[in-house]
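Subject: Structure for you to look at

Hello,

Here is the structure I said I would pass on. My notes follow below it.

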Amino acid sequence: MSADLAAGSTEHRRTLVLTVPDWSAVAAATEHDLSPRTPLAVLSAGKVVAANAPARAAGIAVGNNKRAVGYRCPEAQVVAWDEDVDNKHFSAGVGALEELVARFTLLAPGTLAIPLDSLKHGYADEPSAVEALISALVSTTGWEFFPGIADTVFAAVLAAGQARRVEPGETGQFLAAQPISTLEYVGTGATELIDTFTQLGLRTLGDLAALDARDVNSRFGALGKHAHELATGVERTPLKDHVREERLNVELGLDTPTARSDTLGFLTRQLAADLLTKVRRRGLVCTQITIELFAVTGQSSNRTWRIEDMNENTIADRLRWQAEGWLAGGAHSGSAPAKNRSASARRDKEEPAPDQSGPDPEDFSEEGIIALGLVAAELTTPIGATRSLFDENTGQVTHTLERLQGLFGPDSVLVPGLQGGWDPAETNLWTPWQQAASPVRSPGAPWPGALHAPRPTTVERLPIDVLAVGGRSVGARPAGLESAPFTIRFPAGATEEIVDYSGSWPVESGWWDPERATYRTRLQVVTESGRALLLSKENGQWYLTGRYR
Amino acid sequence: MDVMSAVPLVEQLSREMGISTATALFDGPAPRTVDPVLAPMFRRGGLPRGEIVTLTGGQSLSCALATIAVATQEQKWCAGIGLGEPAVSSIADLGVDLDHFVNLVTPAEDWLRVASILIESFDVLVVDPGFLPSAGERARLLAKVRERKISFISLTSMPGSTEQITITDTQWSGMEHGHGRLRSCLVQVRSQTGTHRFLLPGPDGTPVEAPASTSAEGRFERPVIRSVS
C-alpha cells in the first residue's frame, strides 16, 4: 500500500479522462434542437470535424467535404462549427460534476480530466469510481461518456478515445503503439511536425520516444521537445484546476433613477466594498470586474475592466466612466459628450458645491440609471495576481494611461489587437486600456480573399465617387470593372486623377445568412500626387476604406 | 589652483539634468536602434533620444512606425497621438510589437497636454500635431523631451527639431493598370545625411533595401542571380 502510494505521487499522476465522442455534433444538435436520430455533420473550413452516430453509419467520416456529405447522406444536416456553442453547452453540463468530485480540469470542450488520487478516498477502486461518476453524469446530462485511465493526461486522453483503462506502469507500452498522428493533441502547430516525423519514418510514438531527448530538442525546438515528452509519458506541468463557477456578484437597485456621477460613485464604493469582502473571504483575488448598468428604459451596459490595484475607489472610477460614456453616447438627451467630459474632469473638486457646476442639471428624473451590478469576472489566487519583476515600468505606464482615461474618457486610450476579417477595418480590434478585448470574428478561421501586405496604414470610411473618362461612375462586376477609373471625387468636392489602379477583386461573405451577407469589390489606386488608396464598392457606392500613409 | 577649480566644474556638470559622463555631455544619450534599412537616414545611425525628429512627406506614418518597431520589440512603450485610426494589421506588418503600442484618440487641440502627460512614462511618441505650439509651449516641450530623454517623432515640420527627414518621392509598383496589386513602394528620402532610397513597405510589409538596378522598377520580385567565382 505504502509502495503503491509512493509510486503514485512521484512521477506520474494517474488520471481519469472522460470524453464525449463527437462533442461538436452533440453540442450542435442541442443548439439546433435536433433529434439524436437525425444524421448531423459539423463543418469547419469546408471539412467535417464531427459527425454523430447516424451520420457515421451513413458513411460520413471526419475530413469529408460538404459535397461528399451530400452524396453519402442527402438528408444529413450540415452545421457550421461554432466554438461558443461547444463551450457553452459543455460548461452547462459539467456543473453536475462540481457536486461529485473535488478537483477536475476542462481540457477542451467535450473532454475533462480528473486526478484519480482525488477519488481515492470516496471509492474502493478505479472501476467503481468510474462507474459511479459516469452513471451520475449520464443521468444528468444525457450524453455518452468514454472513460480512459492512464498514468499521464495525454495517455489518458488517447485511452478515452478507445474507452480503455491502462494498467499502472504500462503507459509506456500503451503510448509506444499509438500512431504518430495522435500528436495532434498538441494543437494546430503540430501538423507540420507530424508530417516531418512521418517523412522521417517515425510512424508511432514509440519510434519518437526511442530517440534521444537532446537530439529531438536541438532539431525540433520546444515543440519537438514537448512532443517527445508526451510520447515518452513524461508529464510536463500539472493541470490547472477548474475554478469553481461561483458567480460572485453584488447588485443594487436605486430608489430613484440618477445620472449624477457623484451619487453613483458614492453608491458604488459601498457596493464594491461588499464584493471585495466576499472575494477575500474565499481567499481569492479579483483581477477583472464586470460592471453592469441598467437604465430606466430597460437598456443595459456591460463592460469588463482589468484593474491592477483593485479597490473601492478604482472600481467606482470605472463605473463612473462607463456611466458617463454610456449616458452621453446613448439615446439620452441633454448631455453632449464634450460637456460631460469637462464636467467629469472637474467633478472631484466641485463636489462640495455641485449646484454651481453649471453644465450638469439637477437631475434627470425620468432618465438615468436604476440599478448597478458588479461581477467578479476573473478570480485568481493571490500569487497569480502579483506583478512580475521583469515587466518594464508597466506600473508607471498604467498610471499615466489611467490618468488620461480619467481626463478624456476610457475610450481615448486604445491598445491594438487583431481579429479575423477581410479588410483592415474588420481586422482592427482597438480596445480601451485595461478592458478585456472581445473579438467578434475568429482570427484562426480562414478568410479567403483577405487583403495581403502591404496593407493600408490608416482605416477610413468615406463615401466617394470613382469616375471613368466620360464622368460616369465606374461599375464593378465579379468579372472586373466596367470601365477604367480615371478620377476620384471626394465629398468635399476635390477631385484627384488616378494614374494607376490594381485589378479589382470581389469579396463575398456571409452568403449563407441573408442578414450578414455582404458583397463588395476591392480596388487599389495610386493618384497623381503619388498617394495609394484602398477603395471598396458596396451596394452601388464607392468608399475610401484605407490610406497608405 | 586651476586644478582645484576644475573639480567643482566637473561636479557641477555631472549634476546637470541628464549629464552623467563627459561623453554624454558631447554625444547625448545613445540613439535607439532602428531597422538597418532605415539607419542611414539618421545622423547617428538610430532614433535620437531627447530630441524632436520630424518625418514628413508621403508614407511618413509608415516610416515612423517602421522606425519605432525595434524599440517596441525591446519592450519600450510607444504611443501615437493624432494618427486617426491606424490599421493594426499594417502596424504588425511593419514589425511593431502590439503589446507596447497605444493609440490616443483625444481632441486634436489637446495634443500638447496629452503628450506632456505621456512623456512622463513613455519612451517614444509619434505625434501628428493638431496645431503648431507657440514659441513658449515649444520651448517647454523641448525641455521636457530633453529631460526625459524620450524620442519624439513629429509628422509635421516643427521648429526646434534637430533632424528633419523628408520623403520626397514615392513610387508604388505592382499595379499594371488593372492587372496586378500594390506590391511595394520605392521611397526617396532626404535627411541631413543625404538622399536615401529604399522600399517602404517592401513586398512583405517591412522596409527593404532598394533593388540595385533602379531602372527595373516594378520587377522587384525577379530573383537576382549573381555569379560566385
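Of the contacts in chain A with a separation of 6 or more, 56% are between residues 24 or more positions apart; two residues are in contact if their C-beta atoms, placed from the backbone, lie within 7 Å. This is a predicted model, in which local features need pLDDT of at least 70 and side-chain atom pairs count only at pLDDT 80 or more, while totals for chains, interfaces and linings use all residues. Residues are numbered from 1 along each chain as its sequence is written, and chains are lettered from A and ligands numbered from 1 in the order in which they are written.

Chain A has 17 helices and 22 strands. Helices (H or I, at least four residues) and strands (E, at least two) are DSSP runs, numbered from the N terminus. Of the 549 residues in chain A, 33% are buried, that is, 20 or more other C-beta atoms lie within 10 Å of their own, with C-beta atoms placed from the backbone.

Strand β7 (residues 146-150) of chain A has four of its five residues buried, so it is largely enclosed by the rest of the structure. Strand β1 (residues 15-19) of chain A runs antiparallel to β7(A), joined to it by five bridges; strands count as paired if DSSP finds at least two bridges between them. In this pair, A:L16 stands opposite A:I149.

Helix α13 (residues 261-281) of chain A has 21 residues and reaches 30 Å from its first C-alpha to its last, close to the 30 Å expected at 1.5 Å a residue. The expected span is 1.5 Å times one less than the number of residues. Buried residues in α13(A) include A:L264, A:T268, A:L271 and A:L275. An α-helix has 3.6 residues a turn, so residues three or four places apart point the same way. After α13(A) comes A:G283, with a positive phi near 70°.

Now the two chains together. Their contact takes 44 residues from chain A and 43 residues from chain B. On the chain A side, α16(A) gives the most, with seven residues.

Within chain B, strand β1 (residues 51-57) and strand β6 (residues 163-173) pair in the parallel sense over five bridges.

Regards

Terms used
A residue is buried if 20 or more other C-beta atoms lie within 10 Å of its own, exposed if 12 or fewer, and partly exposed in between; C-beta atoms are placed from the backbone.
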